[in-house]
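Dear colleague,

Please find below the structure that I am handing over to you. My notes on it follow directly after the sequence and coordinates.

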Amino acid sequence: MNICVVGVGYVGLVTGACFSEFGLRVTCVDNDDAKIDMLKQGKIPIYEPGLTELVQKNMKEGRISFTTDIKAGVGNALAVFIAVGTPPDEQGRADLRYVEEVARSIGQTMNGYKVVVTKSTVPVGTGKLVERTIKEHQSEPYPFDVVSNPEFLREGSAIEDFMRPNRVVIGAESQQAVAILKDLYNPLYLIETPFVITDVATAEMIKYASNAFLATKISFINEMANICERVGADVHQVARGMGLDQRIGSKFLHPGPGFGGSCFPKDTRAISQIAREHGYEFRIVDAVIKVNEERADVMIEKIVAALDGDVKGKVVAMLGLAFKPNTDDMRESPTLPIIRGLQDKGARFQAYDPAGMEHAKEYLQDVDYKSDAYDAAKGADVLVLATEWNRFRNIDWDRMKQLLKGLVVVDLRNIYDPERMRASGFTYISVGRP
Ligand code: NAD
């Protein structure tokens with residue numbers, strides 16, 4: 001079967017590559033010429049483990065191709081996936097202009113029955129908008145179905161998440177469309193992945209409900225960390241004690257600098273705004289957002305306190321910039337407000353991130369980018385661990401001691417052992433631990 005994926009970002013490229021690995025012929029379309037040129041040469045514009053190998057292999061075997069010509073992509077395809085961005089607008093609503101643009105192009109270029117599948121995260125009602133837009137722009141009234149198939153992959157483990165998801169959600173009003181989607185996802189059906197087949201509006205809502213709930217767990221444990229610090233309890237043991245209860249589960253109970261990335265901040269604001277537009281205050285999610293927005297200040301306070309209240313002229317060595325390990329994605333990374341806030345107070349930054357530094361340059365000013373953790377530590381007054389890349393887990397602390405000016409470590413991800421750090425002679429500060 002031929003399919004087309006429009007929008008070749010983190011989601012679209014992984015979707016296209018994985019479907020081609022399933023044996024489908026995939027045309028990936030993007031309106032970014034530079035991106036498509038790179039991809040045509042087998043170069044991958046994002047950092048995602050395993051993606052280069054998967055794309056190159058399927059290119060060689062002739063199952064995946066790249067173009068800026070949407071007509072070519074849509075013309076050959078039975079199913080067209082929309083995977084363009086839905087960034088927040090000024091009110092926090094999902095900006096649907098790219099989705100609408102693609103729907104218009106699909107309408108103008110379709111040449112027979114198509115299943116149009118929205119993979120982008122979109123508010124309830126977008127399925128209807130896509131349907132209307134396509135109808136308005138068709139040259140002839142070709143039949144088509146609109147399906148919602150939200151994506152749950154995580155950057156950094158995107159291929160594994162796509163290939164072995166916890167579930168596949170298909171929202172459709174037509175049996176034919178459901179049958180085509182089931183056919184596309186057949187390899188996942190064979191490994192007994194649960195399929196949730198529902199209507200379009202419910203599928204659209206499942207994505208927001210899932211992200212809002214995960215964000216709630218993060219803000220909850222971050223609030224617990226604040227309380228633990230005040231009462232002298234250890235938030236890790238609290239999280240473990242809670243998480244072993246199967247009704248709660250241990251995932252997403254790690255305290256830290258707050259959630260970031262291109263999904264949770266945007267999707268929590270969007271669902272709050274969707275509720276408000278329908279006359280409802282989503283109080284829990286509003287609190288989750290507020291707690292998260294305050295996280296940067298809580299982290300800044302820790303770092304300022306570690307420097308005895310005075311950061312002016314002090315050098316901070318920052319390990320990690322991306323919003324999580326194994327990605328280069330800097331969108332809404334919690335490191336951004338922390339760095340900017342401390343720069344406002346006069347601190348200087350030496351930073352290292354294995355993949356995020358190029359993108360970080362688009363967001364940050366006056367940061368001295370270094371070649372590794374040790375290079376970043378040279379002459380610094382404090383070392384801040386901000387993103388828990390594996391390579392930061394086994395630091396040679398004896399070597400660090402020689403390089404740092406101040407023997408102070410602020411661990412925003414709690415990856416080091418407090419006893420060992422203190423025994424090694426460091427002043428060690430973490431999150432939610434006495
Ligand atoms: P992205 O910004 O990485 O990629 C979007 C791509 O769409 C870009 O390459 C852009 O050039 C292209 N594009 C925009 N308008 C276009 C047009 N008219 N024609 C062709 N291409 C066009 O975005 P992303 O992170 O992949 O997210 C895409 C969607 O998936 C969003 O709705 C997001 O919320 C959702 N989502 C993202 C993730 C994630 O981890 N990134 C996970 C699940 C869902």
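Which residues on the other side of α3 are exposed? They are Glu-53 and Lys-60, where exposed means over 50% relative accessible area, buried under 20% and partly exposed in between, with a 1.4 Å probe and protein chains only.

Please note that this is a predicted model, in which local features need pLDDT of at least 70 and side-chain atom pairs count only at pLDDT 80 or more, while totals for chains, interfaces and linings use all residues. Residues are numbered from 1 along each chain as its sequence is written, and side-chain values use heavy atoms, with hydrogens and water left out.

Helix α3

Helices (H or I, at least four residues) and strands (E, at least two) are DSSP runs, numbered from the N terminus. In α3, which spans residues 51–60, the buried residues are Leu-51, Leu-54, Val-55 and Asn-58. These lie on the same side of α3 because they cover an arc of only 95° around the axis, taken from the directions from the helix axis to the C-beta atoms. Their cover includes α1 (10–21), β3 (64–67) and α7 (158–163), contact meaning heavy atoms within 4.5 Å. Just after α3, Gly-62 has a positive phi of about 75°.

Pro-123

The loop between β5 (114–118) and α6 (126–137) holds Pro-123. Pro-123 is buried, its relative accessible area being 12%. Among the residues that Pro-123 touches, leaving aside those up to four places away in sequence, are Ala-94, Glu-204 and Ile-274. Between Pro-123 and Ala-201 there are 8.4 Å in space, C-alpha to C-alpha, and the two are 78 residues apart in sequence.

Packing of α13

Axes are lines fitted to C-alpha atoms, for helices over the stretch in contact, and angles run from 0 to 180 degrees between N-to-C directions. Helices α13 (residues 283–306) and α14 (residues 335–344) pack at about 50°, with axes 9 Å apart. The two are therefore oblique to each other; angles under 35 degrees count as roughly parallel, over 145 as roughly antiparallel, 65 to 115 as roughly perpendicular and the rest as oblique. In this contact, Ala-296, Met-299, Ile-300, Ile-303 and Val-304 of α13 meet Pro-337, Ile-338, Gly-341 and Leu-342 of α14.

The axes of α12 (residues 264–277) and α13 cross at roughly 145° and come within 9 Å. Here Thr-268, Arg-269, Ile-271, Ser-272 and Arg-276 of α12 meet Val-285, Asp-286 and Ile-289 of α13.

With kind regards
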